[in-house]
Amino acid sequence: MGEAVLSEMATEIVVPVCAVIGIAFSLVQWVLVSRVKLTSERHASGGSGSNSKNGYSDYLIEEEEGINDHSVVTKCADIQTAISEGATSFLFTEYQYVGIFMIAFAILIFLFLGSVEGFSTKSQPCTYDKEKACKPALATAIFSTVSFLLGAVTSVLSGFLGMKIATYANARTTLEARKGVGKAFIIAFRSGAVMGFLLAANGLLVLYIAINLFKLYYGDDWEGLFEAITGYGLGGSSMALFGRVGGGIYTKAADVGADLVGKVERNIPEDDPRNPAVIADNVGDNVGDIAGMGSDLFGSYAESSCAALVVASISSFGVNHEFTAMLFPLLISSVGILVCLITTLFATDFFEIKVVKEIEPALKKQLIISTVLMTVGIAIVTLIGVPSSFTIYNFGTQKDVKNWQLFLCVGVGLWAGLIIGFVTEYYTSNAYSPVQDVADSCRTGAATNVIFGLALGYKSVIIPIFAIAISIFVSFSFAAMYGIAVAALGMLSTIATGLAIDAYGPISDNAGGIAEMAGMSHRIRERTDALDAAGNTTAAIGKGFAIGSAALVSLALFGAFVSRAAISTVDVLTPKVFIGLIVGAMLPYWFSAMTMKSVGSAALKMVEEVRRQFNTIPGLMEGHARPDYSTCVKISTDASIKEMIPPGALVMLTPLIVGTFFGVETLSGVLAGALVSGVQIAISASNTGGAWDNAKKYIEAGASEHARDLGPKGSDPHKAAVIGDTVGDPLKDTSGPSLNILIKLMAVESLVFAPFFATHGGLLFKIF
């Protein structure tokens with residue numbers, strides 16, 4: 001078999017050092033962002049010399065630095081404070097509710113898993129090797145509960161820190177836009193990098209520390225140790241679900257209300273300070289797109305690591321206690337942090353953006369550079385981190401695997417992620433024909449726009465599904481379920497760069513909103529719009545990555561669950577499995593219906609409130625009176641807190657009810673059905689919404705002859721595009737992104753509760 005080149009001692013050093021480097025790098029980026037002062041000192045605006053190299057004439061700087069300088073900076077600071085306070089207040093309210101759920105679910109985990117052996121403290125035969133004695137089920141119950149709480153707290157922290165960084169950076173991006181688009185881009189991107197590196201490094205460090213602490217008790221019982229660690233993934237994803245759904249409802253209720261009344265009815269610009277919903281809209285970008293997304297990708301990372309570790313613990317790595325090979329998933333993530341660090345420097349230090357059209361290519365280069373460098377990184381890790389040949393557990397047998405085959409498994413996941421990213425970009429960027437066709441369909445009204453947008457979303461599913469299918473086939477052929485788990489990790493290995501690109505979008509969006517509200521010049525707004533349009537596409541790419549990795553993670557967790565529940569085959573011809581399959585395929589539709597309806601009913605209240613203010617506050621349209629922003633913020637907060645509970649309960653309770661009453665075979669059917677239908681709906685919903693949004697921006701920007709024919713703002717085609725964008729909002733920012741959590745969360749929950757389901761599950765079939 002051979003041994004890994006990298007010693008156990010070296011592994012113990014490499015993993016935490018890489019995590020600390022990631023945290024240190026994020027702090028350096030934060031210090032660089034904080035150099036932009038939110039004060040009205042003269043030097044804060046920079047000199048006009050820095051402006052000319054960005055391709056803009058000096059008069060712009062003079063215009064911004066003139067008499068209005070003090071008031072503009074003060075306004076930006078005030079607006080930033082309002083957005084930050086709104087976001088913090090919402091998250092604290094959300095976390096109070098989520099905290100109650102977290103404690104209740106932790107008690108549930110302890111009771112369910114502890115009851116497997118009647119809360120006995122005696123050692124029990126191991127699940128996969130009956131001749132060996134393993135730690136009692138009570139230990140698994142206690143440690144699974146602890147790791148669940150660890151994952152939940154880390155997930156909440158990831159989301160909260162991301163939101164704080166984004167609200168810190170938005171006004172600074174606006175102020176830097178006065179010096180040119182390049183300066184603003186760097187601030188927005190650095191801020192995204194702070195979030196990306198903090199999240200990737202924290203996730204890795206907490207998981208590494210948890211494994212080492214649990215090892216003190218478990219000793220040589222690695223099977224029990226890594227089974228208990230799966231709670232970490234469950235904690236991460238359950239918090240992400242509430243973050244994504246709650247944040248998604250908040251942001252889209254505000255966005256739909258602001259757009260429908262402000263743009264369509266009153267014909268005022270986006271983010272106009274006269275619009276009562278404008279602060280709630282900008283707060284929503286931070287709680288939905290930043291906090292929700294941060295928790296979501298952390299959950300994916302935690303689950304793919306847990307799935308790989310569970311399978312490895314019953315393979316030769318775990319049986320022979322090869323610690324370096326066992327921590328192969330963590331080594332991939334460690335190298336990923338170093339690769340992303342180098343990649344980030346290409347955007348912020350090695351090259352400078354001088355004109356608007358360079359923004360999107362710069363972001364795309366980040367994806368390409370990180371993927372190419374990561375391929376080399378994976379090759380090195382595979383060479384030194386795992387033996388030249390080893391065995392992997394494959395449903396009751398041990399499969400012989402070579403290290404080069406494992407490299408291909410991770411590599412195929414990594415490159416499939418890039419393909420999904422670029423296909424998503426093709427279907428959602430207004431630089432390509434699909435979105436331009438959608439924009440063109442607005443000539444004949446909103447109905448044709450909706451038809452074209454839906455068709456685009458369905459079509460955009462084809463290539464990503466083939467990419468995921470090929471990844472699954474290759475990785476399973478080479479290394480069984482472990483191959484699929486590390487393929488998912490490969491897709492997520494560049495998570496720091498992916499998150500930096502993703503967070504950059506909402507930060508730019510907020511910067512544009514602040515520029516509009518502070519009354520800055522048209523040219524400044526054009527620059528922030530250009531940053532935002534690129535960010536819109538990259539956000540769609542980020543969602544593509546999240547959904548693709550969720551499919552692989554879910555399948556890997558499904559494999560681990562089937563192994564742990566001792567199911568030899570999942571036969572769809574048996575009624576038990578087939579009923580599960582058909583019900584599981586229905587769940588994403590039920591879940592989407594709940595989240596869409598929630599956004600609709602919250603938006604209805606928002607529209608009524610915005611209309612009421614426009615009709616009853618004298619001088620509001622003329623700009624003489626100030627709208628009541630706080631009422632709109634309250635509507636969004638109350639609606640999202642109330643409405644996030646039913647979809648969350650659906651996802652969390654389904655595996656418990658099915659496993660307890662119908663047994664593990666039916667539950668395996670439910671998981672397979674939810675995975676197969678959930679991935680398709682998630683991709684089409686995200687891409688449809690992204691395409692409608694960018695079709696609207698294409699018309700608004702008027703950058704080509706075709707776009708100018710459809711415009712300007714306020715024209716009938718533009719109004720049709722705004723309606724399409726409004727329909728797409730809950731699809732791309734609430735239902736679509738939440739579905740990938742649904743498929744992962746149900747799978748990881750089933751795995752955590754598998755010992756209970758295998759022992760006591762299927763009550764109805766036992767009675768009858």
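Predicted model: local features only at pLDDT ≥ 70, side-chain atom pairs only at ≥ 80, totals over all residues.

**Notebook: cavities, pocket and helix contacts**

Entry 1. I began with the second largest cavity, whose volume comes out at about 140 Å³. I noted that 16 residues line the second largest cavity, and that the closest to its centre are Thr494, Ile495, Gly498, Leu499 and Phe545.

I then asked which helix gives the most to the lining of the second largest cavity. I found that it is α17, with 6 residues, while α12, α16 (462-492), α17 and α18 each supply at least two. By class, I read the lining of the second largest cavity as 9 nonpolar, 6 polar and 1 charged.

Entry 2. I next searched the whole structure for cavities of 30 Å³ or more, and the search finds 10 of them. The largest cavity has a volume of about 340 Å³, and of the 28 residues that line it, I wrote down Asp289, Asp509, Asn536, Lys732 and Asp733 as the closest to its centre.

For the lining of the largest cavity, I listed α7 (222-265), α8, α17, α18, α21 and α23 as helices that each supply at least two residues, and I noted that the largest share, 6 residues, comes from α18. I also looked up the classes in the lining of the largest cavity, which divides into 4 nonpolar, 5 polar and 19 charged residues.

Entry 3. Two of the residues closest to the centre of the largest cavity, Asp289 and Asp733, sent me to the contact of α8 with α23, where both of them are listed. Helix α8 (residues 278-313) and helix α23 (residues 716-752) pack at an angle of about 30°, and I recorded their axes as 11 Å apart. Angles under 35 degrees count as roughly parallel, and α8 and α23 are therefore roughly parallel to each other.

On the α8 side I noted Asp289, Asp296, Gly299, Ser300, Glu303 and Val310, and on the α23 side the partners include Asp733, Pro737, Asn740 and Lys744. The residues of the contact of α8 with α23 divide into 6 nonpolar, 3 polar and 5 charged.

Entry 4. I turned to the largest pocket, for which I have a volume of about 1200 Å³. Of the 42 residues that line the largest pocket, I noted Asp529, Ala530, Ala533, Lys697 and Ala701 as the closest to its centre.

Which helix supplies the largest share of the lining of the largest pocket? I found that α18 does, with 10 residues, and that α12 (359-385), α17 (495-517), α18 (522-564) and α21 (645-701) each supply at least two. By class, I counted the lining of the largest pocket as 17 nonpolar, 8 polar and 17 charged residues.

Entry 5. Last, I looked up how α7 meets helix α5 (residues 137-176), and I found that their axes come within 6 Å and cross at roughly 35°.

The residues of the contact of α5 with α7 divide into 11 nonpolar, 10 polar and 1 charged.

Methods
Residues numbered from 1 in each chain as written. Heavy atoms only, no water. Axes fitted to C-alpha atoms, helices over the stretch in contact; angles between N-to-C directions. Helix = DSSP H or I, 4+ residues; strand = E, 2+ residues; numbered from the N terminus. Parallel < 35°, antiparallel > 145°, perpendicular 65-115°, else oblique. Contact = heavy atoms within 4.5 Å. Nonpolar A, V, L, I, M, F, W, Y, C, P; charged D, E, K, R; others polar. 1 Å grid on protein atoms, 1.4 Å probe; cavity = no way out; pocket = protein on both sides within 12 Å on 5 of 7 lines; lining within 4 Å. Points joined across faces, edges and corners; volume = space filled by probe spheres on them.
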